[in-house]
Amino acid sequence: MRIRKELHEGQAGPNLSDYTRERASFSWGRAREELDGLPDGGGLNLAYEAVARHVAGGHGSQTAIIWLGKNGGRTEISYAELDSLSDRFANVLAGLGVHPGDRVYSLTGRIPELYVCALGTLKHRAMFCPLFSAFGPEPILQRLNLGGASVLFTTERLFNRRIAAIRDQIPTLEHVLIVGDPKRPKHPEGTTDWADAMASAAADYRIADTDPETPAVLHFTSGTTGTPKGAYHVHGAVLTHYVTGKLALDLHPGDVYWCTADPGWVTGTSYGISAPLTNRVTMVVDEAEFDPKRWYQILEEEKIQVWYTAPTAIRMLMRAGAEFPQSKDLSALRFMASVGEPLNPQAVVWGQEVFGMPFHDNWWQTETGGIMIANYASMDVKPGSMGRPMPGITAGIVREGDDGHMHEVDDPDQDGELALRPDWPSVFRGYWNNQERYEACFRDGWYLSGDLARRDDEGYYWFVGRADDVIKSAGHLIGPFEVESVIMKHPAVAEVGVIGKPDPVAGTIIKAFVSLQPGRKWSDELQKEILGFGRKNLGTAAPREIDYCQSLPKTRSGKIMRRLLKARELGLPEGDISTLEGADS
Ligand code: ATP
Ligand code: MG
């Protein structure tokens with residue numbers, strides 16, 4: 001199946017209008033000329049490109065952030081305000097004696113100060129390390145110590161609940177900055193009050209020369225396959241953020257854009273801070289958690305033009321029904337994209353039916369720092385495919401040969417590991433304190449992603465599964481995604497996760513766990529019906545067992561944790577579950 005793209009009369013063309021031509025003519029060097037760089041050849045600073053550059057260019061009065069409070073407030077922050085607030089915060093850090101390279105962590109919900117903290121930290125050339133605010137004390141402690149935190153920026157409530165009891169176990173932590181309740185201006189002992197510190201800092205900060213190789217952001221991966229890794233990126237990564245925001249998300253200056261990811265995960269910084277601001281859009285930040293009614297209201301009232309979200313949210317919207325969106329005026333919406341885990345073909349098609357446009361899947365990882373493979377606004381979409389590599393990105397499907405080296409598989413439709421030539425600006429520069437693990441990701445000139453994929457004869461990539469999740473059954477390699485996508489088509493199924501289960505006769509059998517659509521009840525008949533549906537559509541790749549789960553275990557970033565389904569099924573240790581949704585908060 002294919003969703004064809006046609007340009008309608010009067011419609012502004014997408015930034016990437018001809019994939020083949022753009023790919024052939026693209027160079028990172030030329031793309032770099034679209035950014036300003038620091039004055040007088042002072043290098044490349046992410047925060048300068050994101051805000052200061054636009055103020056210098058006369059766009060200071062444009063709204064940078066529309067912030068929607070979970071209790072109903074709405075605040076607009078202009079580029080000029082964001083620039084001067086982040087200057088102030090850089091001065092706060094300087095005043096505290098924080099050095100370039102020191103790690104400044106944040107642990108807050110999506111409040112405006114979080115964005116000021118991120119940009120100010122980067123202006124000061126310290127490293128910004130965002131943590132997800134629902135983490136409990138253990139995962140927080142683990143991550144603060146892994147990166148050797150100097151500064152923690154948090155709220156009074158989170159400090160009292162999560163940090164106070166563990167503070168003496170973080171030997172490197174020198175300063176804790178607190179956003180308090182303005183009505184009770186009394187901050188906990190041994191902490192610095194954000195508002196006081198900001199009020200007494202100067203509103204102008206001169207960004208020092210920044211070599212593009214200067215470390216900028218430290219992110220912990222989602223922990224879907226094991227213990228999270230601390231991957232870090234450099235200021236030069238801003239070029240990938242800018243280019244991918246422009247070409248893969250089709251951001252135009254002045255667009256109203258909404259990335260639903262939290263900055264505790266890489267999508268929420270690369271595409272919730274850097275890409276939108278460098279492309280000078282107006283970005284919506286919603287403080288509240290997922291809620292279908294609220295989301296449709298935001299899309300309508302804020303007149304969102306470009307929307308970047310994730311498969312889990314899309315599946316939940318599908319579950320909430322099509323009545324909501326159909327009763328809304330969503331005519332401003334121009335482009336919808338998704339990332340984070342495989343996007344089932346039905347979800348892409350549902351987008352087309354309900355919103356009049358498909359969801360555009362794209363693929364990348366914390367380690368890649370930015371979008372690597374995407375479905376573009378001007379390119380036909382094949383539902384279920386992640387799309388084609390970005391201009392400037394060389395991707396390949398590789399396998400280990402008999403000689404022990406990695407070789408590209410040239411024939412189409414062959415499974416192999418998805419690999420990239422590591423020469424783009426936002427490729428990670430290390431796993432913090434784990435050089436060995438970092439080096440193991442690179443072989444024979446490739447960065448190995450740990451994901452398995454296929455490429456078809458038109459160069460579209462198809463996700464097969466994570467190397468850790470792939471099932472070897474009766475001599476075949478079976479990707480869970482393919483099986484899940486078929487089972488998802490059954491009308492009773494809302495979500496599905498598939499694992500390989502050891503079996504004394506068959507070696508390994510396929511087992512599926514499903515959650516159901518509202519109004520459906522689990523029964524022996526339904527189980528038989530779904531098993532039969534699988535057999536009819538999948539043959540030997542069909543699940544032999546199906547169990548019901550009220551909801552599947554997911555990471556807080558919204559990914560199904562198949563390794564946990566498997567551990568629970570086999571009675572094995574659950575491993576690192578610090579990112580499990582609902583745990584430990
Ligand atoms: P960990 O490496 O700690 O197990 P993680 O890999 O889930 O965690 P992230 O970097 O947040 O951490 O996620 C990247 C991974 O998410 C990819 O390697 C891939 O497995 C999956 N993914 C992201 N986008 C897509 C997509 N469009 N289709 C399929 N899988 C995707
Ligand atoms: Mg990973």
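**Figure 1. The hairpin of β22 and β23.** Strands β22 and β23 form a hairpin with five residues between them, and G459 in the turn has a positive phi of about 85°. Strands here are DSSP runs of E with at least two residues, helices are runs of H or I with at least four, and both are numbered from the N terminus. The model is predicted: local features need pLDDT of at least 70 and side-chain atom pairs count only at pLDDT 80 or more, while totals for chains, interfaces and linings use all residues. Residues are numbered from 1 along each chain as its sequence is written, chains are lettered from A and ligands numbered from 1 in the order in which they are written, and side-chain values use heavy atoms, with hydrogens and water left out. β22 runs antiparallel to β23 (residues 461–466), and five bridges join them; two strands are called paired if DSSP finds at least two bridges between them. A453 stands opposite F463 in β23.

**Figure 2. Other partners of β22.** Strand β19 (residues 416–420) pairs with β22 in the antiparallel sense over four bridges. L420 is the residue opposite Y447 in β22. Strand β21 (residues 442–443) is also antiparallel to β22, with two bridges between them, and R443 stands opposite W446. β21 and β22 form a hairpin with two residues between them, where D444 in the turn has a positive phi of about 50°. Because eight of the ten residues of β22 (residues 446–455) are buried, the strand is largely enclosed by the rest of the structure. Buried means under 20% relative accessible area, exposed means over 50%, and partly exposed lies in between (1.4 Å probe, protein chains only).

**Figure 3. β23 and its pairing with β16.** Strand β16 (residues 385–389) runs antiparallel to β23, joined by two bridges. The bridge partner of S385 in β23 is W462. Five of the six residues of β23 are buried, so this strand is largely enclosed by the rest of the structure. In a regular strand the side chains alternate between the two faces of the sheet.

**Figure 4. Surroundings of ligand 1.** The shell around ligand 1 holds 21 residues, of which the closest are T221, T224, T225, T366 and D451; a residue is counted as near if one of its heavy atoms lies within 4 Å. β14 (359–363) and β23 each supply at least two residues of this shell, and β14 gives the most, with three. A polar backbone atom of G340 is 3.2 Å from an oxygen atom of ligand 1. A nitrogen atom of ligand 1 lies 2.7 Å from a polar backbone atom of N362. An oxygen atom of ligand 1 is 2.8 Å from a polar side-chain atom of R466. Taken alone, ligand 1 exposes 630 Å², and the protein buries 96% of that; accessible areas come from the Shrake-Rupley method with a 1.4 Å probe.

**Figure 5. The nonpolar cores.** The largest nonpolar core has 95 residues, among which Y257, L277 and Y308 touch the most other members. Helix α5 (residues 112–123) gives the most to this core, with seven residues. A nonpolar core is a set of buried Ala, Val, Leu, Ile, Met, Phe, Trp, Tyr and Cys residues joined through side-chain atoms within 4.5 Å. Leaving aside neighbours within four places in sequence, L277 is in contact (heavy atoms within 4.5 Å) with A50, V51, H54, A64, Y79, L82, L119 and M283. A second, separate core of 27 residues includes Y296, I304, I314 and W350.

**Figure 6. T368 in the loop between β14 and β15.** T368 lies in the loop that connects β14 to β15 (373–374). With 0% relative accessibility, T368 counts as buried. Neighbours within four places in sequence aside, T368 is in contact with H233, L420, W424, S426, V427 and Y447.

**Figure 7. V348 in helix α14.** V348 is found in helix α14 (residues 345–355) and, at 2% relative accessibility, counts as buried. Not counting residues up to four places away in sequence, V348 touches I3, L343, P358, F359, V381, P383 and G384. V348 and V470 are 122 residues apart in sequence and 23 Å apart in space, C-alpha to C-alpha.

Methods: A polar contact is a pair of N or O atoms within 3.5 Å; within protein, one must be able to donate a hydrogen and the other to accept it, and residues adjacent in sequence count only if both atoms are side-chain atoms.
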